[in-house]
Amino acid sequence: MKLDSSGLQVLSREECLRLLATTPIGRIVFTDHALPAVQPVNFHLDGQSIVIRTAIGSKLAAATRRAVVAFEADEFDSELRTGWSVTAVGHAQAVTDPAEIDRLASLPLPVWAPGGRNHFIVVEAEQVSGRRMNGR
């Protein structure tokens, strides 16, 4: 087991991806008017790609066109002081191919927010890192 300088367990890429697949909510970090912005989103891990479903005219859809973004998901138990956090960095791309849109629409990625959410953003997880806290 590899530990970082603060004593947290460093996770392998495979473990990070396995953990990402276990939670439906994460946070995407993108640039909005030259400033960092963070937005919670529901997502689905499709292989090594993070799939986000949003509205076509949303700020998120506009800000992530072919941009480098960060994505983070985590799970913590504050009483036991255990948990994990995974961050992925990669290029975000809007999906425009009708066949791929149909395929992504069939993934288990339910719409949580009201209104039409038939625009898909895919983030390729180019860099992935994660840490696990095992409690005291």
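**Close-up views of a predicted model**

Arginine 53 stands opposite phenylalanine 120 in strand β7. This is a predicted model, in which local features need pLDDT of at least 70, side-chain atom pairs count only at pLDDT 80 or more, and totals for chains, interfaces and linings use all residues. Residues are numbered from 1 along each chain as its sequence is written, and side-chain values use heavy atoms, with hydrogens and water left out.

**View 1. Strand β4 and its pairing with β7.**
Strand β4 covers residues 49-54. Strands here are DSSP runs of E with at least two residues, and helices are runs of H or I with at least four; both are numbered from the N terminus. β4 is joined to strand β7 (residues 119-124) by 6 bridges. The two strands run antiparallel. Two strands count as paired if DSSP finds at least two bridges between them.

**View 2. The two faces of β4.**
In a regular strand the side chains alternate between the two faces of the sheet. Ser49, Val51 and Arg53 point one way from β4. Ile50, Ile52 and Thr54 point the other way. Are these residues buried or exposed? All of them are buried. Buried means under 20% relative accessible area, exposed means over 50%, and partly exposed lies in between (1.4 Å probe, protein chains only).

Strand β3 spans residues 35-46. It pairs with β4 in the antiparallel sense, over 4 bridges. Phenylalanine 43 stands opposite isoleucine 52 in β4. Histidine 44 stands opposite valine 51, also in β4. The hairpin leaves 2 residues between the strands. Glycine 47 sits in the turn, with a positive phi of about 70°.

Strand β2 (residues 25-32) pairs with β3 over 8 bridges, in the antiparallel sense. What is the bridge partner of threonine 31 in β3? The partner is proline 36.

**View 3. An aromatic pair.**
The structure holds 1 aromatic pair. The rings of phenylalanine 43 and phenylalanine 71 have their centres 4.7 Å apart and their planes at 70°, so the pair is edge-to-face. Phenylalanine 43 lies in β3 and phenylalanine 71 in strand β5 (residues 68-77), so the pair ties together parts that are 28 residues apart in sequence. Both residues are buried. For the pair rule, rings of Phe, Tyr and Trp (its six-membered ring) need centres within 6.5 Å; planes under 30 degrees apart are stacked, those over 60 are edge-to-face, and the rest are tilted.

**View 4. The largest pocket.**
About 190 Å³ of space lies in the largest pocket. Of the 14 residues that line this pocket, Pro40, Val41, Asn42, Arg53 and Ala113 are the closest to its centre. A pocket is found on a 1 Å grid over the protein atoms alone: it is an open set of points where a 1.4 Å probe fits, with protein on both sides within 12 Å along at least five of seven lines, and lining residues have an atom within 4 Å of a point. The largest share of the lining, 4 residues, comes from β3. β3 and β4 each supply at least two residues. The lining divides into 9 nonpolar, 3 polar and 2 charged residues.

**View 5. The second largest pocket.**
The second largest pocket has a volume of about 150 Å³. Of its 13 lining residues, Thr23, Pro24, Phe43, His44 and Pro108 are the closest to its centre. β3 gives the most to this lining, with 4 residues. How many charged residues does the lining of the second largest pocket have? It has no charged residues, with 9 nonpolar and 4 polar.

**View 6. Glycine 83 and methionine 133.**
Glycine 83 lies in strand β6 (residues 82-94). Its relative accessibility is 11%, so glycine 83 counts as buried. Glycine 83 touches Glu75, Phe76, Arg131, Arg132 and Met133, not counting residues up to four places away in sequence. Contact means heavy atoms within 4.5 Å. Glycine 83 and arginine 131 are 48 residues apart in sequence and 8.5 Å apart in space, C-alpha to C-alpha. Methionine 133 has its place in strand β8 (residues 127-134). At 32% relative accessibility, methionine 133 counts as partly exposed.

Notes
Points joined across faces, edges and corners; volume = space filled by probe spheres on them. Nonpolar A, V, L, I, M, F, W, Y, C, P; charged D, E, K, R; others polar.
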